[in-house]
Amino acid sequence: MGAVSEGRRSGRAPGDPVGRAVLAPALTAMMDAVGAHSGAVYLLPDDEQVLEMAVMAGLPRSFVAPWERVGLGARIPVARAVRERRLVWVGGEEEMARSYPRVGMVLPYPFAMAALPLATGSKVYGAVFVTWPGSHPPELSDRERHELRTGCERLALRLERAAAENRPVRAEADLPATGHAGVADTLGTVEAARLVARLPYGLCSLDPTGRMVFANPAAADLLGVPVDELLGAPLWASVPWLADPTYEERYRAALISRHVTSFVALRPPSDWLSFRLYPSATGTTVRVVRARAVSVTTPPAAVRGDDTPPPLVSMSQALSLAGALTETVSVQDVVRLVAEEIAPAVGSGALALLGARAGRLHVLGHHGYRDPHVVERFDGMPLASPTPGTHAVTHGVPAFYGSPDQLEHLYPARRFTSDGFAAWAYLPLIASGRPVGVCVLAYAEPHDFSTHERAVLTSLAGLVAQALDRALLYDAKHRLAHGLQAALLPHSLPSLPGIEASARYLPASHGMDIGGDFYDLVPSRPLPAAVIGDVQGHNVTAAGLMGQLRTAVRAYTTVGQEPAEVMRSTNRLMIDLGTDLFASCLYLRLDPARGRAVMARAGHPPPLLRRPDGRVRVLDLAGGPLLGIDPEATYPTTEIELSPGSVLALYTDGLIESPGVDIEEAVAGLGRRLGEAGDLPLEELADELVGHDTAAEERTDDVALLLLRVAARDGG
């Protein structure tokens, strides 16, 4: 697969394509076929997990700057389309805010979007998205779906051929919107200019990228800027007192939603002007008039001087990055986000995230270094060591080195440990007043860090520090939860004469990854027993109670209680413990020599029995209430036949429950899978039955599964 152009910064126009354009014509054809007003093509470089925007059409690239580089794990439509290899449709503003809050926060406008993968049967080459104004119907038509899928399939085949012929497909020049003939074609250029010049109000024309291409004398007079200084630049760049992100945001709203938009602005010292924007596919017309008296409750934004440098990151990027950092959970989530979104946004070529704990540095993650050893050698380094990273942590002050000479002047040892980069920013990560680590950004070329850039990087480091502090706490709880769960569940299942056993446990995908599901196999004499249960909740309390119940069941079994009495004793114990939680349970006394089993059930899902001929039966046993409700509850028992080769499946409700699925249909579906795969070795069968839940991104409940297969009797 061909490479995409490297080193592109947000807001910078992409380089010209090498050779004949491939992406832009395909994108234009798709947009024309479905009437979309903007779109983009992403390419997926080999051996990377990041989509890179290769061409944009219909809107300024700055509008989508936060998503010029998109990690495949990002919660945005184009990444989801690649992950799931399907068309992703977002029908409007509310659906975008609900399903993709990061995008909805940055682009809170009425518009619709479709995202599709560029994929053949064997490989994904990238992705495409197209958008429509908010007037588009809430559902995508069959014709539009067909046109988009067909267009993406054709482009994917072209990319496949280019890769096979070793022809790199590179980023191409962005495409402005094209439209119909304007007024000059109808009336003639001279007469059109005269007509507009006679208007008593200001009139401006912006091209699809936001640059001024026409302004009448009245507009220049109202804005206080000569016409020749207005042309060729965005309105908020050529008029200093309009250099407020609020006004640019109104323009973005008009262009994306294609709705007429207006705002008022103060021309210093006291003149209020009203701006009304009329967007279309060919550009935006702006009408400027004097506004009536305006009540001001807050002072206007400070006027930015002409010599002020452009922002390092735009408001939309800052909002997107802040939103993304709030979604990170683990330390690796933070590392991945900084690598895929923050570093590219500020022009950094590599990064290292180092934590500070117990007086030493610890490498949490890094990206972009050709030799990982140049970062990993800092793992375990005492904070007293004379390095720029330790200095940033211990003093809490960011340090910026624009060239190797600047760094080596203060740290001569760096001459012998070069990392191959030419400029560095060492940003201390301070959360709640204490250092949690340091973020190192490395640049390929010497870099002059302006005052503005230093302020932005320091602010971003503050956001990263808060996210990292939360992630470190989460990871610590995660390790604790896994350790506790491992201690409470059997380390292994005992070998029983005549019984083969296998078990699986999957934690819920949210919370602390700990729950109340349990199972056990008790090698008691004269007959062994099996138990599975589910304590309400997914926290340490539920796990602790689960451990008590498992221990109690094992003890009651060992002293020889019958199944009904084991359940009654466990129920009374749970009530005596004074907990507000309940538990379901299924208990079996096994007699493989006779081919029988006696079961007692307390509100637990029914077990499944697969016979040797492949038929599956749902054992709808008599039972009693959940444990912990009624101290006088009784638990009747049922005896069943276990013929040689039979498989008994005991499970908790997490394996069968999912939103919108009837519980009886779910049990029947599990029975079908058991029937089809029941002849597999037991370990493989267990993996097959929990396979769907293992792959699920959103698992709301933990899952326990215990499989028992009756061995053939000697001489049978």
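Trainee: Is cysteine 439 buried or exposed?

Mentor: Cysteine 439 is buried, at 5% relative accessibility. Buried means under 20% relative accessible area, exposed over 50%, and partly exposed in between, with a 1.4 Å probe and protein chains only. Cysteine 152 is also buried, with a relative accessible area of 3%.

Trainee: What kind of model is this?

Mentor: This is a predicted model, where local features need pLDDT of at least 70, side-chain atom pairs count only at pLDDT 80 or more, and totals for chains, interfaces and linings use all residues. Residues are numbered from 1 along each chain as its sequence is written, and side-chain values use heavy atoms, leaving out hydrogens and water.

Trainee: How many disulfides are there?

Mentor: A disulfide is a covalent bond between the sulfur atoms of two cysteines. The test here is a pair of cysteine sulfur atoms within 2.5 Å. By this rule the count is 0.

Trainee: How many helices and strands does the chain have?

Mentor: The chain has 21 helices and 26 strands. Both are DSSP runs, numbered from the N terminus: helices are H or I with at least four residues, strands are E with at least two. Of the 716 residues, 50% count as buried.

Trainee: What share of the contacts links residues 24 or more positions apart?

Mentor: Contact means heavy atoms within 4.5 Å. Among contacts in the chain with a separation of 6 or more, residues 24 or more positions apart account for 61%.

Trainee: What is the strand order in the open sheet of 6 strands?

Mentor: Strands of a sheet pair through backbone hydrogen bonds, either parallel or antiparallel. Two strands count as paired if DSSP finds at least two bridges between them. Here the order is S3-S2-S1-S6-S5-S4, with antiparallel pairing. The edges are S3 (69-71) and S4 (88-90), each pairing on one side only. Neighbouring strands are turned by 20 degrees against each other on average, direction ignored.

Trainee: How many bridges join S5 to S6?

Mentor: S5 (residues 111-119) and S6 (residues 124-133) run antiparallel, joined by 9 bridges. Phenylalanine 111 has proline 133 in S6 as its bridge partner.

Trainee: Which helix lies across S1, S5 and S6?

Mentor: Helix H5 (residues 142-164) does, running at about 35 degrees to S5. Axes are lines fitted to C-alpha atoms, for helices over the stretch in contact, and angles run from 0 to 180 degrees between N-to-C directions.

Trainee: How many residues are in the hairpin joining S9 to S10?

Mentor: The hairpin goes through 3 residues. S9 (residues 261-267) and S10 (residues 271-280) pair in the antiparallel sense over 7 bridges. Threonine 261 has leucine 277 in S10 as its bridge partner.

Trainee: Which residues of S25 lie on each side?

Mentor: In a regular strand the side chains alternate between the two faces of the sheet. In S25, Val647, Ala649 and Tyr651 are on one side and Leu648 and Leu650 on the other, all buried. S25 spans residues 647-651. It pairs antiparallel with S22 (residues 608-610) through 3 bridges. S25 also pairs antiparallel with S26 (residues 703-710), over 5 bridges. Leucine 648 has leucine 708 in S26 as its bridge partner.

Trainee: With which side chain does the side chain of serine 502 make a polar contact?

Mentor: The partner is the side chain of glutamate 683, at 3.0 Å. A polar contact is a pair of N or O atoms within 3.5 Å; within protein, one must be able to donate a hydrogen and the other to accept it, and residues adjacent in sequence count only if both atoms are side-chain atoms. Serine 502 lies in S17 (residues 499-506) and is buried, at 1% relative accessibility.
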